[in-house]
Amino acid sequence: MTASAVEWKLRSSDKNAGEGVPDWYAGLAHIWLPYAQMRTVRPPLPVVRTHGCRIVLSDGRELIDGIASWWTACHGYNHPHIRAAVEAQLARMPHIMFGGLAHEPALTLARRLAGLLPGDLGRVFFSESGSVAVEIAMKMAVQFWLNRGIAGRTRFVAFKGGYHGDTTGAMAVCDPEGGMHALFRGLLPEHFIVDLPGGEESAAAFDRLLDRHAGEIAAILVEPLVQGAGGMRFHDAAVLRALREAADRHDLLLIFDEIFTGFGRTGSLFGCAGAGIVPDIITLSKALTAGTLPLAATVATAKVFDAFWSPDPARALMHGPTYMANALACAAANASLDLFEQQPRLRQIAEISAALEQGLAPCRGLPSVKDVRVKGAIGVVELDRGADLDAMRARFAQEGVFIRPFGNIVYLTPAFTISPDELATLTGAIVRVVACLSRP
Ligand SMILES: Cc1ncc(COP(=O)(O)O)c(C=O)c1O
């Protein structure tokens, strides 16, 4: 056994894991955790069950979930309608390859997505994770120009504070610091990562950049309304309108990455619809299956699709993940869309928004707090500096909640089905924990 495996074995009986550490927890010695320095990270909490907005730990404790599993579980965990749809699909056919074969859940889902998205965003390419959906959007954009006989457009304009995934193509369009561009120099292609054009000055600088480099650029790529994992920063629809106009003026494609903002998170079903803008390509994932199974979609307009429509096989989009359009995942996504149709989700999101405003307001005056902001079902407390994240996370667990701050950002992205009492427990915990940070 290696030194680190021994260490994990010892640490797996750490009190942080709870009293009733189950036998299977020994497997942790063979796990490599996400975003974690394995030598120093606190062992993760052992989870045995979920229901509604609750996470049940092996020692019997229940935590109220403030994050909804990285914003995916928008209808809460184990929703009976989604479960029934997945179980029925499992009995019929869990998966079939999508090359040369098609199936009802995928085709129904594609038709429904096309009906929900604005404009003529109507051609759906399925994959199985957000990062891959972004990679596909980037390939689509580059090949769009090649298929039109225009070479050399292989670079992208993306924005500081943005996050688009962890694969190399996606990392290269993330915020340079968050995307570790310096660490991976040589591996990552170099794109234009600039400030979002806000005021007149930055808009003029943005325009100059496009003037100089339009011939090298395939597309502008942005998370509309909210830059999520890069820092939960908000911008308004005017910024997106400016990007649409700039893209049109310089004949560039515009890609909206709605992997975070899609399916109600910002208050309308999609950020683009809320902002009244139709991008040329949109990426979706996360809440697409309501946190049940991995699935993503890259959806293109007719203009983009038409550039691939040809008798020439070389003009096809050369991509095809093994698990694309997985039937179980598509069944979950269709069931999730049923719930958006049948349940008052947008009203619930508006109520969550009001409750987040009120519940987080006491943080505003605290010395350690730089900003408090809310959009849709996203509540953010930005601290004036980074805190001891592991200690904060443990403190939240002691408060009976699961909240996972990153950098200097403490945030909530709860399920839309959360009760007012559960939400008040989450905001109350944040106020108490952040107030402790503020004490000298
Ligand atoms: C806007 C955005 N794009 C892409 C991704 C990457 O998705 P995945 O983690 O499924 O690869 C994320 C994940 O947080 C995201 O928020």
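Lys and Arg count here as positive and Asp and Glu as negative, while His and the chain ends are not counted. Each charge is placed at NZ of Lys, CZ of Arg, CG of Asp or CD of Glu. On that basis the chain has 41 positive and 44 negative charges, and their mean positions are 2 Å apart.

The model is predicted: local features need pLDDT of at least 70, side-chain atom pairs count only at pLDDT 80 or more, and totals for chains, interfaces and linings use all residues. Residues are numbered from 1 along each chain as its sequence is written, and side-chain values use heavy atoms, with hydrogens and water left out.

Start with the overall fold. The chain holds 14 helices and 16 strands. These are DSSP runs numbered from the N terminus, with at least four residues for helices (H or I) and at least two for strands (E). The C-alpha trace spans about 65 × 55 × 50 Å along its principal axes. The radius of gyration is 22 Å, which agrees with the value near 22 Å for a compact globule of 440 residues. That rule is 2.2 Å times the number of residues to the power 0.38, and the radius is taken over C-alpha atoms.

Next, contacts and surface. Contact means heavy atoms within 4.5 Å. Of the contacts between residues at least 6 apart in sequence, 69% join residues at least 24 apart. The accessible surface is about 19500 Å², and carbon and sulfur atoms account for 56% of it. Areas come from the Shrake-Rupley method with a 1.4 Å probe; for residues, only the protein chains shown count as cover. Buried residues make up 53% of the 440. Buried means under 20% relative accessible area, exposed means over 50%, and partly exposed lies in between (1.4 Å probe, protein chains only).

Now the interior. In soluble globular proteins, nonpolar side chains tend to be buried together. A nonpolar core is a set of buried Ala, Val, Leu, Ile, Met, Phe, Trp, Tyr and Cys residues joined through side-chain atoms within 4.5 Å. The largest one has 128 residues; Leu 113, Phe 126, Val 157, Ile 220, Val 381 and Ile 430 touch the most other members. Helix H5 (residues 130-147) gives the most to this core, eleven residues. Another core lies apart from it, with six residues, including Ile 55, Leu 57, Ala 68 and Tyr 77. Beyond four places in sequence, the contacts of Val 157 include Phe 192, Phe 206 and Ile 220.

Ala 170 sits in helix H6 (residues 168-171). Its relative accessible area is 0%, so Ala 170 is buried. Its C-alpha atom is 6.3 Å from that of Val 134, 36 residues away along the chain. Thr 301 lies in the loop between strand E12 (296-300) and H10. Thr 301 counts as buried because its relative accessibility is 4%. Beyond four places in sequence, Thr 301 contacts Asp 120, Leu 121, Val 278, Pro 279 and Asp 280. His 319 is in the loop between helix H10 (302-306) and helix H11 (327-342). At 27%, His 319 is partly exposed. Beyond four places in sequence, His 319 contacts Phe 125, Val 132, Ile 136 and Lys 139.

Finally, the backbone. Most residues other than glycine have a negative phi. Trp 71, in helix H2 (residues 68-71), has a positive phi of about 70 degrees. Trp 71 is buried at 8%. Asn 78 has a positive phi of about 55 degrees and lies in the loop between H2 and helix H3 (80-92). Asn 78 is partly exposed at 42%.
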